[in-house]
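Subject: Structure handover and notes

Hello,

Here is the structure for your files. My notes come after it.

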Amino acid sequence: MELGRAGLAWAAALLLAALGAQVAAAAAGDFDPYRVLGVGRSSSQADIKKAYKRLAREWHPDKNKDPGAEDKFIQISKAYEILSNEEKRANFDRYGDAGESQGYSQHQHRQFHHFHEGFYFDESFFHFPFNSERRDTSDEKYLLHFSHYINEIVPDSFKKPYLIKITSDWCFSCIHIEPVWKEVAQELEVLGVGIGVVHAGYERRLAHHLGAHSTPSILGLINGKITFFHNAVIRENLRQFVENLLPGNLVEKITDKNYIRFLSNWKKENKPHVLLFDHMPVVPLLYKLTAFAYRDYLSFGYVYVGLRGTEQLSSQYNINVYTPTMMIFKEHVDRPADVVQARDMKKQLIDDFLSQNKFLMVARLTSQRLFQELCPVKKSHRQRKHCVVLLTGEGDKFAEAYEAFLTFAVANTKDTLKFVHIYNDRQPEFADALLMDEEKYRGKSAVVILERRNNAGKIAYKTLEEAWQGSKEDNFILLDLLDQLRIDPGLLSSETVLADLNDELAPMFLIRWLYSVLDYISDCWDSLFHSNWREMMPLLSLLFSALFILFGTVIVQAFSDSSDTRDSPPSEKEETAAKTEKNDTSFSKESNRIPKKGFVEVTELTDINYNSNLVRLRPGHMNVVLILSNSTKTVLLQKFALEVYTFTGSSSLHFSFLSLDKHREWLEYLLEFAQDAAPIPNQYDKHFLERDYTGYVLALNGHKKYFCLFKPHRSGDEGGTLGSCEDYDSSLPTEGRGKSSCSPGSRSIKNKLHKLSFWMERLLEGSLQRFYIPSWPALD
């Protein structure tokens, strides 16, 4: 009896649980993909796709600046993902849910968490772990969108590397690597590595831009360059992957033998030099990341205090070998400008320390970017910043003046003052703009106080009247001038516009080009070595297709050449071509259309080939049609072939003939649209059927629906290309027309096509009159 009651309790529990799932699904059904896309439940896939494209263009965050555009775009993408998949759409239509977010809300969980005494229903009974909404929400703060990636992440990758994961829903492998990813992401983010997550389902454009064709994928981004991770997803491999992204020459190993050379390079590199003393045998990743972030401002060296050969270095600077120590050296190599020690070097501590020591005490202006950072444009009267510039030269001759200026700068360092120097011979335009009397300062140093007024190069300045020699009197004059400047900013009475400074430390173009080529080769090799066959198939297909086309063309050309050498034009055509060349030498010299065959292919225009040879003729192609009768067919075709033979090399020309006996009405219809050039008599004229159109040539453009007309040549007509051997006067009696000079008896049939070649020349030039028709008539 008890067993029966227990069984009934189980059945009731399962039944109510199923009903509760449907209730929960209905509660979760507030998200209606049909309503989001604005389509009906019976809409086709084409309608759904059309609606999605329209809404995606309207609500894309890159184009729509509405604050809710991003959320709306995500909803649109999710709705399309459901409705474009027939299985998910069927699940939604059947259960009100696509199978992605099944489960109870918190209220339903509390209601069914303890449904019956002795029966416990865990929430995992109704939830699927591979859904993105059930996954750890720690990825949400790292989610990337296309505009955010392009505008912020890529520029920031020049300061720090990024580790990016590509994930999606229903990805079991993504679940497998998630614990490792979470641990490594938290660890690397503290060190200064950027972390990003791209959801391939919602950010397909970004995933495609990154080249991620499968999920999960992990890639690194540094200096705008993408590198994919191809090893097992474990902590050590991911850390090593990030470390390999960094350039190899960021940190130099320093010992007793090379520390003097390293610290003395401050003058050549125009940078402070940083030394980190630590007991780790390898350079810590934190220090490498820091060196990458500040590589434009500082040079970094690492001293392993446990290594033999660093005792002198540690002793000279009184280093505590048990505590990591960071020192910054500027113009003096015998003593550091600043020191920081800490048992646990944190990123924030290092950043604060380095950001205050990015420049030398008297930095040399070597580029416009450095000038703008050291001497920023004033923003307000309270934020005035003045630059004291020493214009000097190179060599021992100017060393004394520079040392005196450096001593003065160290003693008078303030937030509102920056001391810099510049070499006159390396920045001549800068020096010439500030030194009006060049003869007075020739071979000497000068001091100028300036304030930048705008980014266009406008400055206010004052030059010391006497050359700077570093004497006590010079120091007193400069100090007095700076004191007056705090009280009266109008002391800078002179103004000028400075040109941009030359970048003295930029590498040569050839070296930059060589580095770019090496990077490109490295990228190609890396992609070729690590790409799987699925990714390589398009490239291999393209390669084999190109090779097939190349060899096929060579083989066809070889057979074509051999057949051309065997074929030769008929002897009669050769003789006629020779006569034509003799009479029209200028035409033969100018013609560059070499015939490809030794004969002219002329086909008859019939009902069968009418559409293909005219109505559906490809754009840019023309069909040249000769009008003939059965009695003149042989003679006119021979003459036609001789006249157009030199034009057969043009692939856009086709040659045909039309029987006047069969298709007179079709021709008469066309000629009605050319009344000015060939007036057509009334069809009730008694001579209508006697009209002789043999020898007419029509150039028909089937695509644009127009034709050009050639009328047979008649004696004494110099403009025979457009002249007619018919006077078309239907009022003349038969006897009168018989006496006309253009009657068939007054010339041979062959002469009808005289000067056709000149007409063909004008046809190709596009100088002939065109007669347009509304549509091509049926040939019958």
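This is a predicted model: local features need pLDDT of at least 70, side-chain atom pairs count only at pLDDT 80 or more; totals for chains, interfaces and linings use all residues.

Residues are numbered from 1 along each chain as its sequence is written, and side-chain values use heavy atoms, with hydrogens and water left out.

Disulfides

The structure holds two disulfides (a disulfide being a pair of cysteine sulfur atoms within 2.5 Å). Cys171 is joined to Cys174, with an S to S distance of 2.2 Å. This disulfide is right-handed, because the torsion about the S-S bond of Cys171 and Cys174 is about 80°. Both Cys171 and Cys174 are buried (buried is under 20% relative accessible area, exposed is over 50%, and partly exposed is in between, with a 1.4 Å probe and protein chains only).

The other disulfide joins Cys375 to Cys387, S to S 1.7 Å. Here the torsion about the S-S bond of Cys375 and Cys387 is about -110°, so the disulfide is left-handed. Cys375 lies in the loop between α16 and β11 (386–392) and Cys387 lies in strand β11, so the pair ties together parts that are twelve residues apart in sequence. Helices (H or I, at least four residues) and strands (E, at least two) are DSSP runs, numbered from the N terminus. Cys375 is buried at a relative accessible area of 3%, and Cys387 is buried at 1%. With the bonded cysteines numbered in sequence order, the pairing is 1-2, 3-4.

Aromatic contacts

There are 20 aromatic pairs in the structure (rings of Phe, Tyr and Trp, the last by its six-membered ring, pair if their centres lie within 6.5 Å; planes under 30 degrees apart are stacked, over 60 edge-to-face, and the rest tilted). One of them is edge-to-face, because the rings of Phe408 and Trp468 have their centres 6.5 Å apart and their planes at 70°. The pair links distant parts of the chain, 60 residues apart: Phe408 is in helix α17 (residues 399–411), and Trp468 is in the loop between β14 (458–463) and α19 (472–487). Phe408 is buried, at 5% relative accessibility, and Trp468 is buried at 2%. Phe405, Phe408, Phe419 and Trp468 form one aromatic cluster.

Lys358 lies over the face of Tyr297, 4.1 Å from the ring centre. The charged end of Arg452 sits over the ring of Phe371, at 5.4 Å from its centre.

Cavities and pockets

The search ran on a 1 Å grid over the protein atoms alone: a cavity is a set of points where a 1.4 Å probe fits but cannot get out, a pocket is an open set with protein on both sides within 12 Å along at least five of seven lines, and lining residues have an atom within 4 Å of a point. Grid points are joined across faces, edges and corners, and a volume is the space filled by probe spheres set on the points.

Four cavities of 30 Å³ or more were found in the whole structure. The largest cavity has a volume of about 70 Å³. Its lining includes Phe371 and Arg452, and by class has six nonpolar, three polar and two charged residues (Ala, Val, Leu, Ile, Met, Phe, Trp, Tyr, Cys and Pro are nonpolar, Asp, Glu, Lys and Arg charged, and the others, Gly among them, polar).

The second largest pocket has a volume of about 1000 Å³. It is lined by 31 residues, of which Glu269, Lys271, Arg295, Asp296 and Ser299 lie nearest its centre. Elements that give two or more residues to this lining are α11 (259–264), α12 (266–269), β7 (299–304) and α16 (368–374). The lining has 14 nonpolar, seven polar and ten charged residues.

Backbone details

A cis peptide bond joins Thr215 and Pro216, with omega about -5°. Asn270, not a glycine, has a positive phi of about 60°; Asn270 is in the loop between α12 and β6 (273–278) and is buried at 11% relative accessibility.

Regards

Key
A charge sits over a ring if NZ of Lys or CZ of Arg is within 6 Å of the ring centre and within 35 degrees of the ring normal.
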